[in-house]
Amino acid sequence: MPKRCYNCNQKIEDSTLVCPNCGKNIYDENGNLNRPKVLYELGDKQSTFTSGDSNLQTNKFALAGFILSIISVFTNGLFLWLGLIFSIIGLIDCKQRNQKGKTYAIIGIVISAIYIILGIIFAALLYFAFSK
Ligand SMILES: [Zn+2]
């Protein structure tokens, strides 16, 4: 974890005694870090931002939509519409909450959409075959 000045949040070397940016003493007279709690809190927030979205939650709707779509492929479209609806809700919810799972939602929508289109084509072919 990079050390930061408790006063101005400037990145500082481990060996630095006085902040080069604001001139505050990094250590108190006993040699302890000044306000170490604040320092580490800032450090933690910093690492949360820099580590990207690995700490973000995966959107449950998107995941549910994805799973339902996959299940539908193997079950003759059993949860097809549910999968599509969950995926769409998941995609919107992901964007609003800035969560992970957009990929799941998009795959869920694509699978559902392809399956529905194939179903419509198949139904249309059946309709024309029997209407002659
Ligand atoms: Zn400083």
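User: A crossing is left-handed if the near helix is turned anticlockwise from the far one by less than a right angle, and right-handed if clockwise. Which way does H3 pass H4?

Analyst: H3 passes H4 in a left-handed crossing. This is a predicted model, where local features need pLDDT of at least 70 and side-chain atom pairs count only at pLDDT 80 or more, while totals for chains, interfaces and linings use all residues. Residues are numbered from 1 along each chain as its sequence is written.

User: What helices and strands are there overall?

Analyst: The protein chain has four helices and two strands, in the order β-β-α-α-α-α along the sequence. Helices (H or I, at least four residues) and strands (E, at least two) are DSSP runs, numbered from the N terminus.

User: Back to H3 and H4. What angle do they pack at?

Analyst: About 150°, with the axes of H3 and H4 8 Å apart. That makes H3 roughly antiparallel to H4. Angles under 35 degrees count as roughly parallel, over 145 as roughly antiparallel, 65 to 115 as roughly perpendicular and the rest as oblique. The axes are lines fitted to C-alpha atoms, for helices over the stretch in contact, and the angles run from 0 to 180 degrees between N-to-C directions.

User: Which residues meet there?

Analyst: On the H3 side they include Leu 84, Ile 88 and Leu 91, and on the H4 side Ala 105, Ile 109 and Ile 116. The residues of this H3 and H4 contact divide into twelve nonpolar, five polar and one charged. Ala, Val, Leu, Ile, Met, Phe, Trp, Tyr, Cys and Pro count as nonpolar, Asp, Glu, Lys and Arg as charged, and the others, Gly among them, as polar.

User: And H2 against H3, at what angle do they cross?

Analyst: At roughly 155°, with the axes of H2 (residues 60–74) and H3 (residues 80–97) coming within 7 Å. That makes H2 roughly antiparallel to H3. H2 passes H3 in a left-handed crossing. The residues of this contact divide into eleven nonpolar, six polar and one charged.

User: What about the core, which residues touch the most other members?

Analyst: Ala 62, Leu 91 and Ala 105, out of the 14 residues in the largest nonpolar core. H2, H3 and H4 (102–131) each supply at least two residues of this core. Such a core is a set of buried Ala, Val, Leu, Ile, Met, Phe, Trp, Tyr and Cys residues joined through C-beta atoms within 7 Å. A residue is buried if 20 or more other C-beta atoms lie within 10 Å of its own, exposed if 12 or fewer, and partly exposed in between, with C-beta atoms placed from the backbone.

User: What is Ala 62 in contact with, leaving aside neighbours within four places in sequence?

Analyst: Among them are Ser 87, Leu 91, Cys 94 and Ala 105. Two residues are in contact if their C-beta atoms, placed from the backbone, lie within 7 Å.

User: How much of the chain counts as buried?

Analyst: 23% of the 132 residues.
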